[in-house]
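These notes are for a colleague opening this entry for the first time. They are set out as numbered points, to be read beside the structure.

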Amino acid sequence: MGIRIYITGSCDGLDTLRSALDAHPDIELVGWSEHVAEAAPVLTGGHLQCVLHATRASALPEVEIAAVREHTQAPLVVLASGEASSLLEQALDADIADVLLLPQLGDNVVFAIRKAAHAGRRLQAEGGHGRRGQILTVFSPKGGTGKTVTATNLAAAFAKYEKKRTLLLDLDLQFGDAAIMLGVEPEKTVYDLVVAPGELDTEKLAGYTTRHASGLDVLPAPLRPEDAELITEVKITRLLEVARESFDVIIVDTSPFFHGPMLATLDRTDELLVLCGLDVPTLKNVKLSLHTLDLLSFPDNKIKYVLNRANSKVGMKKSEVEQALGVNIDFEVPSDRAVPLAVNRGVPVVVADGGSDFTRAIRTMSKGLLLPTDGQKAKRRMFALARA
Ligand SMILES: Nc1ncnc2c1ncn2[C@@H]1O[C@H](COP(=O)(O)OP(=O)(O)O)[C@@H](O)[C@H]1O
Ligand SMILES: [Mg+2]
């Protein structure tokens, strides 16, 4: 079976090259269209291993490339005829596998295609190219600040409203209560998963998670506090890596400690949500943990600050929290009577009461945390270029 390729655009010498590729035993030329828009269905569904885009321009055809990228993550090789020195320079910064100046021997082009397709396969195997789930860790150095309320509702919002494949992992290993807040009675926990024999993969992981009505999957904390010991750094590292392959978003609920599994989680965290409250002891402890995070070289730009019960009249304002911590609050969540009611009923507020202020705040947070998909990124680039 040949390497499945598709050609878009046009340039001098393309006809000759197309015939050569069409006749080549190692290549399966799925088709050609001058305009990217016409190629959209094949680019999206054609299982392409490489896309060639031909251009007569001397600069990188960024609009066309963004248009191709909107439909496929296949490696992209640019074919150019004419003066192309600036194109070569720009291609270095862009996501381009190779640039070939025509005319070229057919075999040279085939070699470049093979190389690009090979690199693309490797990236995919490593879970690259946007197929990696995003890990969001909810942390606060004090109990009762609302970590579990936030983690469960955020996860439910991702699953229910954003339609993301969402995993909620409860790493409050001794006293985790994420499952209880969700009202699920799981048969298996993270403990069963780590003590099970054999290598962990996505299929095995799916056998240990429990589906919640919102659509999220939860992997609860061990049922007995003493079982926490068996949940090691190595196991959590592997678990997160596997989870990234089958989930879009992984929310980790935590305890107030920097234990081994927590450190392993921090290493893989894309965004750390640090929960603050309007009280002095919490702020003191948040400040201490920011220092610890700094010692651990956790990057500042991955920290988002959440002020829970932001509307409480307790003699302290958001601005004072910001001043005390020397940071800006990114998200505010109001105190809402619906929360304790929902906790006791075992139904997340975002599911039970879609119109509440609390739900709105959680949904705003979920949208703010979501990484743009590659298609959205490509679209944004196109709009920016069109405006320029
Ligand atoms: N925004 C809120 N409004 C009202 N009650 C809240 C809010 N956030 C948390 N709570 C209450 O505080 C309690 C502790 O929250 P929880 O999420 O369990 O804290 P943590 O996980 O940080 O220990 C919950 O049972 C809940 O009833
Ligand atoms: Mg908790």
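1. Cys 276 stands opposite Leu 307, a residue of β12. The model is a predicted one. The strands concerned, β11 and β12, run parallel and are joined by five bridges. On the β13 side, Leu 307 has Glu 332 as its bridge partner. Three bridges link β12 (residues 303–308) with β13, again in the parallel sense.

2. How many residues of β12 are buried? Six of the six are, so the strand is largely enclosed by the rest of the structure. Ile 303, Tyr 305 and Leu 307 point one way, while Lys 304, Val 306 and Asn 308 point the other way, and all are buried. In a regular strand, side chains alternate between the two faces of the sheet.

3. The sheet that holds these strands is open and has eight members, in the order β8-β9-β7-β10-β6-β11-β12-β13, with mixed pairing. Its edge strands are β8 (210–211) and β13 (331–333), each of which pairs on one side only.

4. Helix α12 (residues 280–295) lies across β6, β11 and β12, and runs at about 155° to β11. Helix α6 lies across β6 (134–139), β7, β10 (249–253) and β11 (271–276), with an angle of about 165° to β10.

5. In α14 (residues 338–345), the buried residues are Ala 338, Val 339 and Ala 342. Viewed down the helix axis they fall within an arc of 95°, so they line one face of α14. Their cover includes α6 (147–160), α15 (349–352) and α16 (357–369). Just after α14 comes Gly 346, which takes a positive phi of about 75°.

6. A residue to check is Asp 172, in the loop between β7 (166–170) and α7 (178–182). Is Asp 172 buried or exposed, and which side chain of opposite charge is nearest? Asp 172 is buried and has no salt bridge; the nearest such side chain, that of Lys 147, is 6.6 Å away. Setting aside neighbours within four places in sequence, Asp 172 is in contact with Ala 221, Asp 253, Thr 254 and Ser 255.

7. There is also a five-stranded sheet, open and with parallel pairing, in the order β2-β1-β3-β4-β5. β2 (27–33) and β5 (98–101) stand at its edges with a single partner strand each, so one side of each has no neighbour in the sheet. From one strand to the next, the twist averages 20°.

8. Some overall values complete the picture. The protein has 17 helices and 13 strands. Of its 388 residues, 50% count as buried. The C-alpha trace spans about 75 × 50 × 40 Å along its principal axes. Among contacts between residues at least 6 apart in sequence, 75% join residues at least 24 apart.

Note on methods: Residues numbered from 1 in each chain as written. Chains lettered and ligands numbered in written order. Predicted model: local features only at pLDDT ≥ 70, side-chain atom pairs only at ≥ 80, totals over all residues. Heavy atoms only, no water. Buried < 20%, exposed > 50% of the residue type's maximum accessible area, 1.4 Å probe, protein only. Helix = DSSP H or I, 4+ residues; strand = E, 2+ residues; numbered from the N terminus. Arc of directions from axis to C-beta. Contact = heavy atoms within 4.5 Å. Pairing = 2+ DSSP bridges. Axes fitted to C-alpha atoms, helices over the stretch in contact; angles between N-to-C directions. Lys, Arg positive; Asp, Glu negative; His and termini not counted. Salt bridge = Lys/Arg side-chain N within 4 Å of Asp/Glu carboxyl O.
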